[in-house]
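Please prepare a briefing on the chain shown here, moving from its overall form to a few selected residues.

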Amino acid sequence: MKAACVIGWPVEHSRSPLIHNEWIRQFGLRAQYRREAVPPQRFAEFVTHLAAQGYVGANVTVPHKEAALALSKPDALAEAVGAANTIWLDDGVLRATNTDVEGFVDSLQAGVPGFAKGAESAVVLGAGGAARAIVFGLLEQGVRHVHVVNRSPERAAAMRQRFGERVVPASWERRDDLLADAALLVNTTTLGMAGQPPLEIELAGLAQAAVVSDIVYAPLVTPLLAAARARGLRTVDGLGMLLHQAAGAFARFFGVRPQVTQGLRTLVEADLIRQ
């Protein structure tokens, strides 16, 4: 029996087992997908002995994405982003990629088809691993300028060093001012997540044609998305990114590419509501 898992610290909140085990059921595979709570000091030992623990691969979440990159043989995409969220064994070699990029782009494409191509400006809040994946994806889609807004200016500046002059670092205090020219606003911080402080931002400056996205998926409708919808703006929630990034990982673990369907989304939405 093949097995894969999601590794994090903490990891109890992850919906990845629900998603992957539903696809395993649909394909009739003899496989399992589990959670593994692994603290940072044990991560290296755990991933270098995946096969011994019966795993063919794993999804990697906070705080392990950069460590996963260093401990594996990453592809060009993971190297460009500087973080890995998917690792798998290939003839004994631990390989890695970052499916957050395709997850965000595919989710945005599903929610607002063709939107990102040629957009003049986007504002991304946060500068962590997920933000790097999203900035990379937006640049690849042809967004001309991506403003990275972060409380730590040096982390925003590091984005420009990594991706080039189309990335414009900005201080947290400027987040409202940058919205006037933005076609897209993306929150990659934990602000607004259940149990976290709210995201304080004034959306009045956004154009009516702008799109607001939040990668937080618990709650499904964050205060940011609720405020955007109240203004009549188009929104893309974090569940879409979670589902689409999982598809690429599943294909690497089990050799078949699943589809992100409304039925799967409804299943995960119901689980989120129960919590």
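How much accessible surface does the chain have, and what share of that surface belongs to carbon and sulfur atoms? The accessible surface comes to about 12100 Å², of which 52% belongs to carbon and sulfur atoms, with areas computed by the Shrake-Rupley method using a 1.4 Å probe and, for residues, with only the protein chains shown counting as cover. This is a predicted model, in which local features need pLDDT of at least 70 and side-chain atom pairs count only at pLDDT 80 or more, while totals for chains, interfaces and linings use all residues. Residues are numbered from 1 along each chain as its sequence is written, and side-chain values use heavy atoms, with hydrogens and water left out.

**Overall form**

- The secondary structure of the chain comes to 10 helices and 12 strands, these being DSSP runs numbered from the N terminus (helices H or I of at least four residues, strands E of at least two).
- The chain is as compact as a globular protein of its length, because its radius of gyration is 18 Å, close to the 19 Å that the globule rule gives for 275 residues; the radius is taken over C-alpha atoms, and the rule is 2.2 Å times the number of residues to the power 0.38.
- Taken along the principal axes, the C-alpha atoms fill a box of roughly 55 × 40 × 35 Å.

**Burial and contacts**

- Buried residues make up 52% of the 275 residues, where buried means under 20% relative accessible area, exposed over 50%, and partly exposed in between (1.4 Å probe, protein chains only).
- Among contacts (heavy atoms within 4.5 Å) between residues at least 6 apart in sequence, 65% join residues at least 24 apart.

- Helix H6, residues 129–140, reaches 17 Å from its first C-alpha to its last, close to the 16 Å expected at 1.5 Å a residue, the expected span being 1.5 Å times one less than the number of residues.
- H6 is mostly covered, with 10 of its 12 residues buried, and just after this helix Gly-142 takes a positive phi of about 100°.
- Phe-163, in helix H7 (residues 153–163), is buried at a relative accessible area of 17%.
- Leaving out residues up to four places away in sequence, Phe-163 touches Ala-80, Val-81, Arg-132, Val-135, Phe-136 and Leu-139.

**Ser-14**

- Ser-14 is found in the loop between strand E1 (2–8) and helix H1 (16–27), and it counts as buried at 5% relative accessibility.
- Beyond its neighbours within four places in sequence, Ser-14 is in contact with Val-6, Arg-35 and Tyr-217.
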